Amino acid sequence: MPAQPETPDTHDERPAGPPRPTAGDRSMRRATVIAVAVGLVLDAIVLAVAATRPEPTALAGALVGTGLTLIVVLPSVAIAFLGPRLSPMTMAATVLGSWAVKMFVVILILLAVRDHPSLSTQWIGVALLVGAVSAMIVEAVLLMRTRQPLDVAPAPSPRGPRADQ
């Protein structure tokens, strides 16, 4: 007589609906949002300083640098919010791919505006460095200070006496 196929277990331990974010997911989101906010506030200060400069190209250059900052930091926010829904391999590919695309776009824009007479390349660099680098530093510090919990099952202990006893 052929063996009966096993019926799948109908009892699922996971609750219905979207998965609840873990403490690590929430801390990653919070760190990313705070980092972007810090970067944008510092870029706003750079824009204010550039607006007070006598050279007319300073503000335009700072605006381009702030736009480049957004190109660098906003995909990080999107990835932080999408991360819990992605598998580890997909998450790694997404992070790597987003960095490649961001750097490609930033390099193309910098090459396109490098000889533009109405833009100050120094102010582009200042705004990009202040905004993007400060956001990355703040994000890294916040993530290092946040304790990421690990969900590891304990190793099963052998039942009964040890073999050497």
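Let's start inside the protein, at Leu68: setting aside neighbours within four places in sequence, Leu68 is in contact with Val106, Ile109, Leu110, Ile124 and Leu128. Bear in mind as you read on that this is a predicted model.

Leu68 also belongs to the largest nonpolar core, which has 13 residues. Together with Val72, Val73, Val106, Ile124 and Leu128, Leu68 is listed among the residues with the most contacts inside that core. Helix H1 (23–52), helix H2 (57–82), H3 and H4 each supply at least two residues of this core. Apart from it lies another core, of 7 residues, including Leu47, Ala50, Ala62 and Trp123.

Stepping back to the whole fold, the protein chain has 4 helices and 0 strands, and its elements run α-α-α-α from the N terminus on. Of the contacts between residues at least 6 apart in sequence, 80% join residues at least 24 apart. Of the chain's 165 residues, 26% count as buried.

Now for the outside. The protein chain exposes about 11,900 Å², and carbon and sulfur atoms supply 68% of that area. In soluble globular proteins, nonpolar side chains tend to be buried together. Here, a nonpolar patch also lies on the surface, formed by Val95, Trp99, Met103, Ile107, Leu111, Leu129, Val133, Met136, Ile137 and Val141. Together these residues have about 810 Å² of accessible area. Helix H3 (88–113) and helix H4 (121–145) each supply at least two residues of the patch.

Finally, the charged pairs: the structure holds 2 salt bridges.

| Salt bridge | Distance (N to O) |
|---|---|
| Glu55 and Arg53 | 3.7 Å |
| Asp115 and Arg114 | 3.8 Å |

Technical notes
Residues numbered from 1 in each chain as written. Predicted model: local features only at pLDDT ≥ 70, side-chain atom pairs only at ≥ 80, totals over all residues. Heavy atoms only, no water. Patch = residues over 30% accessible without salt bridge, like charges linked within 9 Å, V, L, I, M, F, W, Y side chains within 5 Å. Areas by Shrake-Rupley, 256 points an atom, 1.4 Å probe, with all protein chains shown as cover. Salt bridge = Lys/Arg side-chain N within 4 Å of Asp/Glu carboxyl O. Core = buried A, V, L, I, M, F, W, Y, C linked by side-chain atoms within 4.5 Å. Buried < 20%, exposed > 50% of the residue type's maximum accessible area, 1.4 Å probe, protein only. Contact = heavy atoms within 4.5 Å.
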